[in-house]
Amino acid sequence: MRETVTLVRFSGVLIAFFGVFLISACGELSEYENRQVDEALSDSLFTVTESWGVDMEIMEEEQLKLRLKGSYTASIKDDTRNITKISGPVFIDIFDEEGNLKTYVQSDSAVYRPDEAVFELFGNVYVEAPQQKRLWSEYLKWDRNTDKVSTPEFLTIITPSDSISAVGLDGDADLSNYTLREVTGETIID
């Protein structure tokens with residue numbers, strides 16, 4: 001895995017930093033001057049970290065919760081955002097409390113917002129959930145904190161007993177409970 005880190009500093013902050021540095025070149029910086037330099041630099045840093053051939057695991061309380069694989073990621077962090085863009089295909093395995101595979105997700109690309117614990121999946125989104133439930137859509141948002149999924153897009157859900165298409169979904173990530181809007185579909189009644 002190759003990793004590149006790029007730092008961009010705003011010229012005004014660099015000028016201030018070098019000004020303070022030049023003024024104090026003959027002696028050490030005071031504590032106040034050190035704080036000023038630290039604040040100026042921390043406010044102006046923009047970092048991008050790139051990785052290829054990504055295989056990431058998210059652990060919580062020493063328990064594997066999620067495994068993600070993708071071909072490329074770019075993590076972008078500055079004072080207004082913290083996101084990771086993932087190029088695909090993207091594969092996500094979600095595990096239950098016992099460490100068993102619960103749900104499988106695949107998409108063309110994804111964006112992860114770690115501060116909110118939200119995944120947004122884009123293009124050819126496919127989900128295999130418990131009880132042989134499958135979902136297809138072009139977009140799906142998954143909030144890990146609430147374990148809820150949603151999409152305003154067209155989707156199809158197939159279960160062992162029916163097939164439903166709709167525009168719009170809000171529900172549990174395991175598709176045990178969900179609400180659909182603008183529904184069309186077929187069901188088998190015994």
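A cavity here is a set of points, on a 1 Å grid over the protein atoms alone, where a 1.4 Å probe fits but cannot get out; lining residues have an atom within 4 Å of a point. Grid points are joined across faces, edges and corners, and a volume is the space filled by probe spheres set on the points.

This is a predicted model, in which local features need pLDDT of at least 70 and side-chain atom pairs count only at pLDDT 80 or more, while totals for chains, interfaces and linings use all residues. Residues are numbered from 1 along each chain as its sequence is written, and side-chain values use heavy atoms, with hydrogens and water left out.

**The cavity**

There is 1 cavity of 30 Å³ or more. The largest cavity holds about 80 Å³ of space. To see its lining, select Ile 94, Thr 103, Val 105, Leu 121, Val 127, Leu 135, Leu 140, Trp 142, Val 149, Ala 173 and Leu 175. Strand S5 (101–113), S6 and S7 are the elements that give two or more residues to this lining; S7 has the largest share, with 3 residues. Strands are DSSP runs of E with at least two residues, numbered from the N terminus. By class the lining has 10 nonpolar, 1 polar and no charged residues, where Ala, Val, Leu, Ile, Met, Phe, Trp, Tyr, Cys and Pro count as nonpolar, Asp, Glu, Lys and Arg as charged, and the others, Gly among them, as polar.

Next select S7 (133–143) and S8 (148–158), which pair in the antiparallel sense over 7 bridges. Two strands pair if DSSP finds at least two bridges between them. Ser 137 has Leu 155 in S8 as its bridge partner. The two strands form a hairpin with 4 residues between them, and Asp 147 in the turn has a positive phi of about 55°.

Move on to S9 (162–172), antiparallel to S8 over 9 bridges. Here Ser 150 stands opposite Asp 170, and 3 residues join S8 to S9 in a hairpin.

**Backbone details**

Finish at Pro 89 in strand S4 (82–95), where a cis peptide bond joins Gly 88 and Pro 89 with omega about 15°.

Definitions and conventions: On a 1 Å grid over the protein atoms alone, a cavity is a set of points where a 1.4 Å probe fits but cannot get out, and a pocket is an open set with protein on both sides within 12 Å along at least five of seven lines; lining residues have an atom within 4 Å of a point.
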